[in-house]
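Biologist: I would like to go through this model with you, one topic at a time. Could we begin with how the helices and sheets are arranged?

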Amino acid sequence: MVQYNFKKITVVPNGKDFIDIILSRTQRQTPTVVHKGYAISRLRSFYMRKVKYTQTNFHEKLSTIIDEFPRLGDIHPFYGDLLHVLYNKDHYKLALGQINTARNLIGKIAKDYVKLLKYGDSLYRCKCLKVAALGRMCTVLKRIGPSLAYLEQVRQHMARLPSIDPNTRTILICGYPNVGKSSFINKITRADVDVQPYAFTTKSLFVGHTDYKYLRYQVIDTPGILDRPFEDRNIIEMCSITALAHLRAAILFFLDISGSCGYTIAQQAALFQSIKSLFLNKPLIVVCNKTDLQPLDGLSEDDMKLVNEMKADALKTAIGQGGEGTDADVLLTMSALTEEGVIAVKNAACERLLNQRVEIKMKSKKINDCLNRFHVAVPKPRDQKERPVCIPPAVLEAKAKQAAAEEKRKTEKDLEEENGGAGVYSMNLRKHYILADDEWKEDILPEILDGHNVYDFIDPDILQRVEELEREEGLRQAEDEEDDFEMDGTELTPEQQEALIKIRRKKSVLINQHRIKKSTAESRPIVPRKFDKDRQFTTERMGRELSSRGLDPSLAINRMRSRSASRTGRKRERSPEGRDDGMDIDDDTPSKKQRLSRSRSRSRSVSRPPHEVVPGEGLRDSAQKIKAIKLAKKSVKKRNKNAKRGEADRVIPTLKPKHLYTGKRPKGKTDRR
Amino acid sequence: MPQGDYIERSIKENGRRLDYEERKRKKAAREVHKHSQKAQKTLGIKGKIIAKKNYAEKAQMKRTLAMHEESTSRRKADDNVQEGAVPAYLLDRENTARAKILSNTIKQKRKEKAGKWDVPLPKVRPVAEDEMFKVVRTGKRKTKQWKRMVTKATFVGPGFTRKPPKYERFIRPTGLRFTKAHVTHPELKCTFNLEIIGVKKNPNGPMYTSLGVITKGSIIEVNVSELGLVTPAGKVVWGKYAQVTNNPENDGCINAVLLV
């Protein structure tokens, strides 16, 4: 049973689309190939299946329509009446009834034709019968086309009705048009109702929510009601009447005492008298609005009399309920424009409603279940001695002193407010920083340096760690050097030592390079040597190697340059030039552009182990951090393997790869080979 | 506007995109090209459906164009030929006038004798016996083949009881028995669902008539009481003949045209 959520009804397709959907589904989901030569039973079952399948689909779809639309008798009477007012109960029921008939008719058609198909003795006959069956079913559906269109409109409108819960705490606002109901609801809730100077701006019910005493209240704004006999009312007014009749809510009857709505107090009072019957058993408050234009005391005698009559009526309802007799509870004044009295009205209404609901709950039978579960335990006094609270005087003094200190201390916020407020004075948040050197307080810390995040390299213990590292390295170096000169037991000549050192260095460099390559192999793209991503094989390098062996490189370099790709016009970046590098054979310090264009895999020294959690990073423990690192690496791996620069890199390096466009096509088309 | 109309409300508050009109116009202009692309590229049954729709539209458009062109074109006005006008070379002949005007009833009687009826379908395709009947093998060894099952639509009266199954030669299955027919009145052009009273004549032979087999072209008698026809004498007509115009075994229903 749908309570008040009409948004879940599936879309009702119109007649033609409905037929198209079902027929195309039949065509796709049932076997399509059949030949004259098949056994007759196979032919028959082929066509019977199509007929049955179509019927099942129709049945299913029509059933969902019938089931999802709410039955006007099953939903809350408020919604039943509202839907009747808006859509006309009879028309609605007729439309659904037609859908039901159509469903039954389609079932009958399918049954008859399946029976006939059993006597089909040729493919042609079976096919004709199937065509006739499907055609008939579609004709049935064409006939209910207007009903489907109507139901679709109803569904669209119903889905946009405001979701009013008929059982919760509700405050209903009613009165003549233009008295200020919508302005009031705008003030106490977040509902943005249109407020305009013409009458009947609000044409339907609006809902807003407001809080009082930790409870949520629904506030419902109704369209204005004119004083007319019941039969003459139009749909808009009937919406308000329905709400008044069916919802158990606190009612705020709005009165415009200035008359600027265009209706006199006499007319409004007449309306009150005529709909008085709807206010039975509901807490009623008469609210006089627009007091900024005309205060209540300034009213004329007759008007005052009418207002007092209304007040008396409202009092009667109050006395009938709870026995409160205060005037102020039933007649309140406010002005929505200047916002005086708005909160008072809201509080009064919420209070009255709450009391009434609590009373009703207490009187009902269900309360006993709840009451049995409550038990307030009060310890039994063992004697009559008074035992007040005991606080040592020292604590009291300290508390008082702290309070005084708190008051005396000036906070930054107070300072800000003194100097002009939030937009004018910006707080100096660094004033109270605790740093080793006070002069560092106003320093600006850069965020990005040389393309790296500075924060990645910040470590409060960095000085300590550097010392430790150096110490370790110092020890290790000492060890190495000791090993160095005791290779074969014989001492080496200085040239040999030099050569040894060079060899060892080159070896360690090669080993390191290899290690780096291996460790990043998973997420590094495999680029063939001819593309030379790292720009290792430059003419510069070749020249250097040759000259270090004593050969003249200029001929070789010229030959390479004549065969290079720049001949074909490709823009090439200049290799690093003008370097004095007799010393650095292996240290290729490239230009800035080259540096930035290369991807650095392991280029910074690690000062802290990867699994160590830095406080402030947002990770709980090292296991979580390791998992996070793993996830990050996993997500990047595939892209790196494809040599993509980042997530947004959608470049296709070759739009027409040769291997897809050449050769004969024995099997398969060219878009997959 | 109602509280739930978020789309309209946001349009009212924030207005539309700055290029909204332009985009709308361009989208509408592109629709034509997209439609043609779709029609050219779609394969299979969807393509056929699109082609059919397009053709229907095209035919309709041609019709409207022709209609509009009618009023602007001028045609030569034909002089009406006077009744009894005779060409020059026949002017000298004497016209013989019939002495007796034959009455309608006599004409009908003559036609009846000649066996000619004025029916909508004067000729129908003859149905062979092996198409009409299916041989049913019976007996312990299934060797006896004297039974026949009718494969066309049949009509049996309301008081029909079968012969004892051992002796019945022609089986008329219940699935193929029809009681109602969709009868069209040729002048009123509307169709009624009327009960069949009996099969008057089957063009394929008297045996089929006696069996009650209904094929295309057979004459059936239908209960027309719901049409409310009255004879000139004042009596209510409740039965009339109709001729079947479709193949009932292929369509699952009997469509007939009333013989007025």
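Modeller: A definition is needed to begin with: contact means heavy atoms within 4.5 Å. Please also keep in mind that this is a predicted model.

Biologist: Understood. Which strands of chain A does helix H9 lie across?

Modeller: Helix H9 of chain A, residues 265-274, lies across strand E1 (170-175), strand E4 (250-256) and strand E5 (284-289) of chain A. H9(A) runs at about 160 degrees to E4(A).

Biologist: And what is the strand order in the open sheet of 6 strands in chain A?

Modeller: The order is E2-E3-E1-E4-E5-E6, and the pairing is mixed. Strand E2 (206-212) and strand E6 (331-333) of chain A stand at the edges with a single partner strand each, so one side of each has no neighbour in the sheet. On average, neighbouring strands of this sheet are turned by 25 degrees against each other, direction ignored.

Biologist: How many bridges join E2(A) to strand E3 of chain A?

Modeller: There are 7 bridges between E2(A) and E3(A), residues 215-221, and these two strands run antiparallel. Within that pairing, A:Gly208 has A:Val219 of E3(A) as its bridge partner.

Biologist: Let us turn to helix packing. At what angle do H3 and H8 of chain A pack?

Modeller: Helix H3 (residues 77-87) and helix H8 (residues 235-246) of chain A pack at about 170 degrees, and their axes are 9 Å apart. H3(A) and H8(A) are therefore roughly antiparallel to each other, as angles over 145 degrees count as such.

Biologist: Which residues make that contact?

Modeller: From H3(A), the contact is made by A:Pro77, A:Phe78, A:Asp81, A:Leu82, A:Val85 and A:Leu86. H8(A) contributes A:Ile235, A:Met238, A:Cys239, A:Thr242, A:Ala243 and A:His246. By class, the residues of this contact divide into 9 nonpolar, 2 polar and 1 charged.

Biologist: Now chain B. What is the strand order in the open sheet of 3 strands there?

Modeller: That sheet has the order E1-E2-E4 with mixed pairing. Its edge strands are E1 (133-138) and E4 (170-171) of chain B, each of which pairs on one side only. E1(B) pairs with strand E2 of chain B, residues 144-150, in the antiparallel sense over 5 bridges. B:Phe133 stands opposite B:Val150 in E2(B).

Biologist: What do E5 and E6 of chain B form?

Modeller: E5(B) and E6(B) form a hairpin with 6 residues between them. In the turn, B:Lys189 has a positive phi of about 65 degrees. Strand E5 (residues 180-184) and strand E6 (residues 191-201) of chain B pair in the antiparallel sense over 5 bridges, and B:His182 has B:Asn193 in E6(B) as its bridge partner.

Biologist: How many bridges join E6(B) to strand E8 of chain B?

Modeller: There are 4 bridges between E6(B) and E8(B), residues 219-223, and the two run antiparallel. B:Lys201 stands opposite B:Ile219 in E8(B).

Biologist: One last topic: what volume does the second largest pocket have, and which residues lie nearest its centre?

Modeller: The second largest pocket has a volume of about 1,200 Å³. Its lining has 31 residues, with A:Asp20, A:Leu23, A:Ser24, B:Ile45 and B:Ile49 nearest the centre.

Biologist: Which helix gives the most to that lining?

Modeller: H1(A) gives the most, with 9 residues. Helices H1 (15-29), H2 (40-68) and H5 (123-143) of chain A and helix H3 (44-72) of chain B each supply at least two lining residues. By class, the lining has 14 nonpolar, 6 polar and 11 charged residues.

Note on methods:
Residues are numbered from 1 along each chain as its sequence is written. Chains are lettered from A and ligands numbered from 1 in the order in which they are written. This is a predicted model: local features need pLDDT of at least 70, side-chain atom pairs count only at pLDDT 80 or more; totals for chains, interfaces and linings use all residues. Side-chain values use heavy atoms; hydrogens and water are left out. Two strands pair if DSSP finds at least two bridges between them. On a 1 Å grid over the protein atoms alone, a cavity is a set of points where a 1.4 Å probe fits but cannot get out, and a pocket is an open set with protein on both sides within 12 Å along at least five of seven lines; lining residues have an atom within 4 Å of a point. Grid points are joined across faces, edges and corners, and a volume is the space filled by probe spheres set on the points. Ala, Val, Leu, Ile, Met, Phe, Trp, Tyr, Cys and Pro count as nonpolar, Asp, Glu, Lys and Arg as charged, and the others, Gly among them, as polar. Axes are lines fitted to C-alpha atoms, for helices over the stretch in contact, and angles run from 0 to 180 degrees between N-to-C directions. Angles under 35 degrees count as roughly parallel, over 145 as roughly antiparallel, 65 to 115 as roughly perpendicular and the rest as oblique.
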